Amino acid sequence: MTADIAAILAIDGIATGAVYALVAIGTVLIFTVTRVIFIPFGDIAAFTALTLAALDARQLPGTVGLVVVLACMACLMEVVSLARAGELRAVPKAVLFYLVLPLIVVGTVWLTMRFTPPMPVRIVLALLLILPISPLLDRIVFRPIADASVLLLLTVSVALHFALVGLGLLFFGPEGVRTEPLTSMAMEIAGVHVSGQTVLILAAALVFSGLLFLFFDFTLIGKALRATALNRTGARLMGIRPARAGTIAYLLGSLMAGVSGILIAPVNTIFYDSGFLLGLKAFVGAIVGGMTSYPGAALGAFGVGLLESFASFQSSTLKDVIVFSLLIPVLLWRSLASQHSEEEVEE
Amino acid sequence: MRKMLSLTALIGGLVAASTAQADITIGFVTSLSGPGSSIGIPYGRGIQAAMEYKNEVNGEKIKLIQLDDGSDPSAATRNARKLIEEEKVDLLIGTATAPSTIAMLAVATELKVPMIAVSPVIGQPNPTDQWGISVPQPASLLVKVVADRMKRDAMKNIGYIGYSDAWGDLVYNGAKAVEGEDGIKVLTNERYARVDTSVTGQILKILAARPDAVLIGGSGTQGALPLLALGERGFKGKTYGTVALVNPDFVRVGGKAAEGIQVSAGPVIVAEQLPDSHFAKKLALEFRAAYQKANNLPSTDGFSAYSFDGWMIFTSAAARALKTAKPGTIEFRKALRDEILNTKELSGVHAVYNFKPGAYHGVDERALVIVRLVNGAWTYQP
């Protein structure tokens, strides 16, 4: 391996790592607030790419159907549970949140599609369409079992992933898509060719992690989320509703997944089932960071990206084996070095 | 009297029912859902085109029962059993994925029903108890024809990149088989997975080996990924692949980077461009017309044509088998099996078929032509 090749591999690895980092941070965010290891996270990223591609092709994306169906289910569940609790006064608000808001988004997309909007608008539309999916899934699937053990939540999350992959095939079809490049710019850094797309991916990862940092440290909602993550019962006593915190975490997480989906769509062909591996590698990154620390998860994700890139050069057949084998020593080290958390004691 | 009448009516009904039973019944399984559906749906359309083209043999009507296996081998097994035991089919045709096809073939062999596989089947059947044949060109032949073309183009050093699965192995082994002839050398054995996000590392390694040409062992849309990476790095040599790459989305995604790639493919892909003397031309154009009529869509893929060829093999064997036995009987199934294995020089739209006991495949090099991607369209390269 020459220095040139190493440089190219490093840049490629950092670009891949940046995408993993976005997803890993989202995974950690949702895990700390809701205790759910949200496996379908990668699927959300893939669905965003597929939605954008459908919008590019001037077709109504399959996500529209998905959102409408999920919104109806979530609204029905919420209304029924409110009715059972005798809180009929809260029903209009529930309908507004779970049915009307998602339908407004769908309606906006449907209307805007008639005017062949420019690229930036299409990206916003794709993100808008993706955002309601995870909060709605949260209401339908995870809210009823919010107090279950982490293991049960994980199992349900895996099942949800398989359901989503099936729905993805139904709504998007089996063919892969690749969207138009966001920029055709390219530059040379120290004699190595760097595409504008790579720069964009890296910039987006940095900007979003920065924004998240500001959000957690300087806004009330952000602080509430952190409080919920640290101690659910304590936060509840302070008047923070864990359900609401969960919804916000899912919304933020979806945004990160959506952005990463839009960033990789021009670099690689995305299939309805591409999300799993993406989510899994980001998950490895998050585990390296201990599942609780954002900078740790981001660093872990960059490490996974770099490792993958160099592994694909050294021995492409064993690439994934190398990446996933990384988990074993990390898990060993983590379980030996870390203290047992309060929650495990509870269980 | 009334009792008598109703009895006659009943008997009449029974007779009518049993003559209806005498139709030839075909059980067709394909993957209309699941990961195999991008191939399974064209297979389904192909069989509709075949029914449109020919729906009776020697005056005997053909009844087609189609089931979806959801790309799942256990569902394919259940479907095959159901079709044989409940619907009493005379022949099975199926299915989109190799594991499901092998699963169906096992049922067919166990229950002694002939089967025409529309996916490649690997291995050697037992010649005395063989109930299945396979229509498509075997992978070894696909690669051999490409390798011969590389030889003809005087390519010496070949770089290889393919899927990290059985398909990648098949193409690599095919390329390895011609190594040494005319100084051909396979320099690299790089692999990637369909859901990988980047092949930069693999491509750098290939470029470092300085090959004259690169052979792609991928399939469909994601087969374009190495080509795009090669284009990005300014690779100027030739590129080769197999028919597994041929689908509209490959051309769409590959764009400029895929331009000029040469692949081995069944002649039906370029039916219009074939010389009039080519065996496949007339039938392939008729197949296209039937496909358009049955599905209200133009045919663009090679997969639907495998179902069509399977149907041709069946109808020609059934015409001979009907001379000795009645449909719906054990004797007919056996006769049909014997006649399928006795197929000689039967022209389909993909190949000229010659089956004999002891081998699943019955095609030769006439089943493949080299086509080149020029301005986004596949062009016949004699």
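Two residues are in contact if their C-beta atoms, placed from the backbone, lie within 7 Å, while axes are lines fitted to C-alpha atoms, for helices over the stretch in contact, with angles from 0 to 180 degrees between N-to-C directions. Helices (H or I, at least four residues) and strands (E, at least two) are DSSP runs numbered from the N terminus. The model is predicted, so local features need pLDDT of at least 70 and side-chain atom pairs count only at pLDDT 80 or more, whereas totals for chains, interfaces and linings use all residues. Residues are numbered from 1 along each chain as its sequence is written, and chains are lettered from A and ligands numbered from 1 in the order in which they are written.

In chain B, six strands form an open sheet with mixed pairing, in the order β2-β3-β1-β4-β5-β6, where two strands pair if DSSP finds at least two bridges between them. Because β2 (56-57) and β6 (132-134) of chain B stand at the edges with a single partner strand each, one side of each has no neighbour in the sheet. Strands β1 (residues 24-30) and β4 (residues 91-94) of chain B run parallel and are joined by three bridges, and Ile26(B) has Leu91(B) as its bridge partner in β4(B). Across β1, β3 (60-68) and β4 of chain B lies helix α3 (residues 73-85), running at about 170° to β1(B).

Most residues other than glycine have a negative phi. Arg35(A), in the loop between α1 (3-34) and α2 (41-56) of chain A, has a positive phi of about 65°. Arg210(B), in the loop between α7 (200-208) and β10 (213-217) of chain B, has a positive phi of about 50°.
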